[in-house]
Amino acid sequence: MMIHPSLRSRPWAAGSCALFVLLLVLPLLSGCGKGGGAGRGARVSVKGSDTMVILGQKWADTYMKEHPGMVVAVTGGGSGTGIAQLINGTADIAQSSRPMKDEEKAKIQEATGAPVEEHTVARDGVTVYVHTSNPVTRLSLDQLKGIYTGQVKNWKEVGGPDLAITIYSRENSSGTYVFFKEHVLGGDDFAATAQTLPGTAAVVNAVMKDKSGIGYGGIAYGSGIKHVGIEGKDGSVVEPTEATIKDGTYALSRPLYWYLTAKTPEAGRTLLAWVTAPEGQAVVKEVGYFPVQ
Amino acid sequence: VIPPPLLARAVGNGRRRIDRLAEVAIAVSALLTVGGIVLIFVFVFREAMPVLFDQATMAEANLRKFFTLGPWQPVSDHPRYSFVPLLVGSLKATVIAVVTAVPIAVLAALFTAEFAPRQAREFLKPVVELLAGIPSVVLGFFALMVLASLLQAVTGSPTRLNAFNAGLALGFSIIPVVYSVSEDALRAVPRSYREASLALGASSWQTAFQVTLPAAWAGIFAAVMLGVGRAVGETMIVLMASGNAAITSLSPYDSIRTMSATIAAELAEVVQHSPHYSTLFFIGSMLFAITFVLNVLAGLMVDRMRRHLAGA
């Protein structure tokens, strides 16, 4: 190293290098314990899916108006984040747009001594959108898979103009990402060229400004872009509507979940009961998702 | 009545006690600052350690995999953790930022230190330093919404969000620090240098470029190092403006995924203490080490210049 021979004449440099060595060594010696979560009163924290944040907040607003004294705090960060916090005990309820993985369920069991409780609170259709100037109006699931795995690189291969496709995707912390990966890509990996953006709103924004762009996201977020119809198995185009999402003919529909654990306070359970009752389901419609029967 | 000598001694004792107290207070503050940094690093490195020592983690994520060419695909049935696209991404963004920002910042510093009239100098420096106060998220937002469309129209690049866009925005964020430290370095060159040069018949242009600038080169190098350190670690701008696709290529018009943006985007999701989690912390340790080395280099250079000028 070039700085070494001159260290003696520069005490501060020697000092900071010593500090650096100390920094490297200290972790080997340390092994601090971890703090536990704190208890809460009539306060329920709901965390998780970015897709469900709007829905969760609308639920919270309506519920708090009807039940003064209750505080429901809703935050996003991604389904995985919410589930991780449910495991850590920093969230009472996790909102998730994907089903919980087995290892996550095992962690809940380990942390609380009881299995996690899964509730479907709404249904959502993931829609695919392109720039308004793009003439492509329909895509089959195979074509979508080709585009997102990088095999289909040009719009002309799927009936569009001669233009390289720019793929927009979500960060891998997103439940929508996982849903798309499983239901469209069949578990395959996204193309390395897929640009990942934080939040569905950012994807919508990018597609809005990019003639060659294609993006996907929850149905509640679709303005300023053009939705693409998805071809069903028989080749007919299915639009994402309440009927097609409820009966499953729209290929990209999914349930939205709430997860509770044995440690979720009573207030959280009352909230869940309200959310699945007609009042809560009315809010679902209002926000643009689809109620569960 | 206390005799005057004793009184003086009592007052002296009191003063000494206050001195002592102040000394302790200052020492404690210094220790707290250093201690904070130490604790942060201890935490980051400890979380990264399984990558080096834990067999189960190493089966999936280890040093050899990190540094062999491959994709960055941590959420997959077959997770692959190659740092190569991330390193290339960080490097591309940093090089573009430095190449665009350093000439502007150094020339601006030269103008401020050598040519600007006094009022202009007193106005210029604080205003450029004020640039440093722009939150990086605002710069990133600007790059995402405005700069990207503008650059795509000019360069005709197929991807809107790319390394060039992110690098330019990053350049904005490092101009203030490079400018400010360079200006200080130029101002530190003794008047006698300039006077000697002018007395020998050199023009003020020749003096600035051939006398002052070379005399301050170590300080300017330090400024550049600090700028590079800031650019490597900057997160929000690249997260918003670069598209975040982990592509290994040399083209500035491809999207990039930097090390810092990867941590920001993925840390929220990972299962604690999974290989992915440890890998992200390992990237954090690497970033810490890189900026540490850059800062030490910058410090050494400033020191060198100071001693050089003092000895002359």
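The model is a predicted one, so please read every value below as computed from it. Chain A and chain B bury about 3900 Å² between them, and 44 residues of chain A are in contact with 45 residues of chain B. Across all chains, a search of the whole structure turns up 24 aromatic pairs and 21 salt bridges.

**Where chain A meets chain B**

- Of the area buried between chain A and chain B, 60% is on carbon and sulfur atoms.
- Two salt bridges are counted between chain A and chain B, and one of these joins Asp189(A) to Arg80(B), with the closest N and O atoms 2.3 Å apart.
- Polar contacts between the two chains come to nine residue pairs, with both residues of each pair at pLDDT 80 or more.
- On the side of chain A that touches chain B, the elements giving two or more residues are helix H1 (11-29), helix H3 (79-88), strand S6 (166-170), helix H6 (175-183) and strand S7 (195-197).
- H1(A) supplies the largest share of that side, with 10 residues.
- Sorted by type, the residues on this side of chain A are 18 nonpolar, 16 polar and 10 charged.

**Asp189(A), a residue with two partners**

- Besides its salt bridge to Arg80(B), Asp189(A) forms a salt bridge with Lys181(A), where the closest N and O atoms are 3.2 Å apart.
- Both Lys181(A) and Asp189(A) are buried.

**Aromatic pairs and a cluster**

- A pair of aromatic rings is described by the distance of the centres and the angle of the planes.
- In chain A, Tyr148(A) and Tyr216(A) make an edge-to-face pair, 5.5 Å centre to centre with 70° between the planes.
- This pair links distant parts of the chain, with Tyr148(A) in helix H5 (residues 141-149) and Tyr216(A) in strand S8 (residues 213-218), 68 residues apart.
- Tyr148(A) has a relative accessible area of 0%, so it counts as buried, and Tyr216(A) is likewise buried at 0%.
- In chain B, Phe164(B) and Tyr253(B) also form an edge-to-face pair, 5.8 Å centre to centre with 80° between the planes.
- Phe164(B) sits in helix H8 (residues 163-188) and Tyr253(B) in the loop between helix H12 (236-241) and helix H13 (259-266) of chain B, so the pair ties together parts 89 residues apart in sequence.
- Phe164(B) is partly exposed, with a relative accessible area of 22%, and Tyr253(B) is partly exposed as well, at 31%.
- One aromatic cluster in chain B is made up of Phe66(B), Phe67(B), Trp72(B), Tyr81(B), Phe83(B) and Phe282(B).

- The buried residues of H13(B) are Met259(B), Ser260(B), Ala261(B), Thr262(B), Ile263(B), Ala265(B) and Glu266(B).
- Glu266(B) forms a salt bridge with Arg257(B), the closest N and O atoms being 2.6 Å apart.
- Ser260(B) is among the residues touched by Glu234(B), along with Ser136(B) and Leu170(B), leaving aside residues up to four places away in sequence.
- Glu234(B) lies in the loop between helix H11 (217-233) and H12 of chain B, and at 9% relative accessibility it counts as buried.
- The side chain of Glu234(B) reaches the backbone nitrogen of Met236(B) at 3.2 Å.

**Other salt bridges in chain B**

- Side chains of opposite charge can pair when their charged atoms come close.
- Glu122(B) forms a salt bridge with Arg118(B), with the closest N and O atoms 3.4 Å apart.
- Both residues lie in helix H6 (residues 118-131) of chain B, four residues apart, which is about one turn of the helix.
- An α-helix has 3.6 residues a turn, so residues three or four places apart point the same way.
- Arg118(B) has 61% relative accessibility and therefore counts as exposed.

Key: Residues are numbered from 1 along each chain as its sequence is written. Chains are lettered from A and ligands numbered from 1 in the order in which they are written. Side-chain values use heavy atoms; hydrogens and water are left out. Contact means heavy atoms within 4.5 Å. Buried area is the accessible area (1.4 Å probe) that two parts lose on being put together, summed over both. A salt bridge is a side-chain nitrogen of Lys or Arg within 4 Å of a carboxyl oxygen of Asp or Glu. A polar contact is a pair of N or O atoms within 3.5 Å; within protein, one must be able to donate a hydrogen and the other to accept it, and residues adjacent in sequence count only if both atoms are side-chain atoms. Ala, Val, Leu, Ile, Met, Phe, Trp, Tyr, Cys and Pro count as nonpolar, Asp, Glu, Lys and Arg as charged, and the others, Gly among them, as polar. Rings of Phe, Tyr and Trp (its six-membered ring) pair if their centres lie within 6.5 Å; planes under 30 degrees apart count as stacked, over 60 as edge-to-face and the rest as tilted. Buried means under 20% relative accessible area, exposed over 50%, partly exposed in between (1.4 Å probe, protein chains only).
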